[in-house]
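Dear colleague,

I am handing over the structure below, and I would be glad if you could look through it with the notes that follow.

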Amino acid sequence: MSLSIDDFQQKHVSFNIVKKTELPAHCPPKEAQKWNMHPKVFLKFDLKGRAACPYCGTNYKLI
Ligand SMILES: [Zn+2]
């Protein structure tokens, strides 16, 4: 298997948008608590403004 998680995510890109005014962002977001319960974790964005939740893998993009 040569398909990394990064490859998979790039082919199935679906970001949750986070506005800078909403920082600090966390997962699950307020509106998602019912379908995606796991311990709340604050997101750390990289230089491209992207972050992935270590629990559920949801991608977030900072705008
Ligand atoms: Zn999550």
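Pro28 is found in the loop that lies between S2 and S3, and the peptide bond joining Cys27 to Pro28 is cis, with omega at about -5°. Please keep in mind from here on that this is a predicted model. A cis peptide bond also joins Leu23 and Pro24, where omega is about -5°, and Pro24 belongs to the loop between S1 and strand S2, the latter being residues 26-27.

As for the overall layout, the protein has 1 helix and 5 strands, and these follow one another along the sequence in the pattern α-β-β-β-β-β. Of the 63 residues in the protein, 10% are buried.

Which strands make up the open sheet, and in what order? It is formed by 3 strands in the order S1-S5-S4, and the pairing is mixed. S1 and S4 stand at the edges with a single partner strand each, so that one side of each has no neighbour in the sheet. From one strand to the next, the twist averages 30°.

The two pairings can be described in turn, bearing in mind that strands of a sheet pair through backbone hydrogen bonds, either parallel or antiparallel. Strand S1, residues 15-18, pairs with strand S5, residues 59-62, in the parallel sense over 4 bridges, and within this pairing Asn16 has Tyr60 of S5 as its bridge partner. Strand S4, residues 50-52, runs antiparallel to S5 and is joined to it by 3 bridges, with Lys61 in S5 as the bridge partner of Arg50. The hairpin of S4 and S5 has 6 residues between the strands, and in this hairpin Gly57 takes a positive phi near 80°.

Is Val41 buried or partly exposed? It counts as partly exposed, because it has 14 C-beta neighbours inside 10 Å, whereas a buried residue would need 20 or more. Leaving aside residues up to four places away in sequence, Val41 touches His26, Cys27, Cys53, Pro54 and Tyr55. His26 is 15 residues from Val41 along the chain, and the C-alpha atoms of these two residues are separated by 5.4 Å.

Finally, a word on confidence. The mean pLDDT of the protein is 82, and 71% of its residues reach 70 or more. Where in the protein is confidence lowest, and where is it highest? It is lowest in helix H1, residues 5-11, at a mean of 55, and highest in S4, at 95. Where pLDDT is low, the predicted coordinates should not be read in detail.

With best regards

Definitions and conventions: Residues are numbered from 1 along each chain as its sequence is written. This is a predicted model: local features need pLDDT of at least 70, side-chain atom pairs count only at pLDDT 80 or more; totals for chains, interfaces and linings use all residues. Helices (H or I, at least four residues) and strands (E, at least two) are DSSP runs, numbered from the N terminus. A residue is buried if 20 or more other C-beta atoms lie within 10 Å of its own, exposed if 12 or fewer, and partly exposed in between; C-beta atoms are placed from the backbone. Two strands pair if DSSP finds at least two bridges between them. Two residues are in contact if their C-beta atoms, placed from the backbone, lie within 7 Å. Axes are lines fitted to C-alpha atoms, for helices over the stretch in contact, and angles run from 0 to 180 degrees between N-to-C directions. pLDDT is the predictor's confidence in each residue, from 0 to 100.
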